[in-house]
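Subject: The structure you asked about

Hello,

Here is the structure I promised to pass on. Please have a look at it first, and then read on for what I found.

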Amino acid sequence: MSRRILAAALASLLVAGPGSALAQANKPAAAPQKPAAKPATPAISPNHLALAREVMLGSGIARSFDSIIPAFAEQIRKQALTRPELQKDLDEVLKGLEPEMELQKQRMIGIAAGIYAKQLSEAELQEIATFFRSPAGKRYVETQPQVLDDMVGAMQTWTQDVSEYVMVRVRAEMGKRGHQLQ
């Protein structure tokens with residue numbers, strides 16, 4: 001369940017995020033501005049980036065990208081339901097686009113690795129990569145999907161319980177002040 005939620009969230013960001021064509025099309029045209037000077041960032045060495053990529057892949061985060069492209073394809077298929085005569089050709093086109101979509105996924109993995117490299121030092125990434133190579137790290141990654149699913153379920157129950165608790169407490173405290181809440 002949580003992987004589907006994450007995939008849907010990532011897909012919606014990719015489709016309608018701030019830099020997407022959809023979001024840009026809905027934005028009013030702004031007057032051209034002089035680009036702001038960016039602070040100098042230290043160059044990231046190839047080894048640093050390679051470690052960041054290894055951590056990204058080793059952590060299992062890249063698995064969330066695996067379901068995004070098929071979700072896009074499924075959305076396209078659903079939109080074409082009213083035109084069953086297109087199904088065969090659409091399936092062939094989507095199948096033919098798989099190598100390009102894999103390149104797009106690899107592009108996102110590269111972007112994510114760059115983000116890791118900007119946030120974590122090469123030494124930190126080395127330690128993290130070592131952990132993910134270890135039996136405990138591999139087990140951590142293996143159990144992550146079920147842990148996340150269980151956590152989502154637990155959070156739903158917890159949210160409901162806390163919501164009810166807070167409302168009961170607010171009513172009680174407001175009652176002490178002479179106010180009655182429904």
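Before the helix pairs, a word on how they are described: an axis here is a line fitted to C-alpha atoms, for helices over the stretch in contact, and the angles run from 0 to 180 degrees between N-to-C directions. Please also keep in mind that this is a predicted model.

The axes of helix α8 (residues 122–133) and helix α9 (residues 135–176) cross at roughly 80° and come within 4 Å. Angles of 65 to 115 degrees count as roughly perpendicular, and α8 and α9 are therefore roughly perpendicular to each other. Where do the two touch? On the α8 side the residues are Phe-131, Phe-132 and Arg-133, and they meet Pro-135, Ala-136, Gly-137, Lys-138, Tyr-140 and Val-141 in α9. Sorted by class, this contact of α8 with α9 has six nonpolar residues, one polar and two charged.

Now for the overall picture. The protein chain has nine helices and zero strands, so to follow it along the sequence is to read α-α-α-α-α-α-α-α-α. Of its 182 residues, 19% are buried. The accessible surface of the chain comes to about 13700 Å², and carbon and sulfur atoms account for 63% of that. If you take the contacts between residues at least 6 apart in sequence, 72% of them join residues at least 24 apart.

Two further helix pairs are worth a look.

Helix α3 (residues 46–58) and helix α7 (residues 98–119) pack with their axes 8 Å apart, at an angle of about 110°. That angle makes α3 roughly perpendicular to α7, and α3 passes α7 in a right-handed crossing. From α3, the residues His-48, Leu-49, Ala-52, Arg-53, Val-55, Met-56 and Leu-57 take part; their partners in α7 are Gln-106, Ile-109, Gly-110, Ala-112, Ala-113, Gly-114, Tyr-116 and Ala-117. The residues of this contact between α3 and α7 divide into ten nonpolar, four polar and one charged.

Ala-73, Ile-76 and Arg-77 in α5 meet Gln-87, Leu-90, Asp-91 and Leu-94 in α6. By class, the contact of α5 with α6 holds four nonpolar residues, one polar and two charged.

Key
Residues are numbered from 1 along each chain as its sequence is written. This is a predicted model: local features need pLDDT of at least 70, side-chain atom pairs count only at pLDDT 80 or more; totals for chains, interfaces and linings use all residues. Side-chain values use heavy atoms; hydrogens and water are left out. Helices (H or I, at least four residues) and strands (E, at least two) are DSSP runs, numbered from the N terminus. Buried means under 20% relative accessible area, exposed over 50%, partly exposed in between (1.4 Å probe, protein chains only). Contact means heavy atoms within 4.5 Å. Accessible areas come from the Shrake-Rupley method with a 1.4 Å probe; for residues, only the protein chains shown count as cover. Angles under 35 degrees count as roughly parallel, over 145 as roughly antiparallel, 65 to 115 as roughly perpendicular and the rest as oblique. A crossing is left-handed if the near helix is turned anticlockwise from the far one by less than a right angle, and right-handed if clockwise. Ala, Val, Leu, Ile, Met, Phe, Trp, Tyr, Cys and Pro count as nonpolar, Asp, Glu, Lys and Arg as charged, and the others, Gly among them, as polar.
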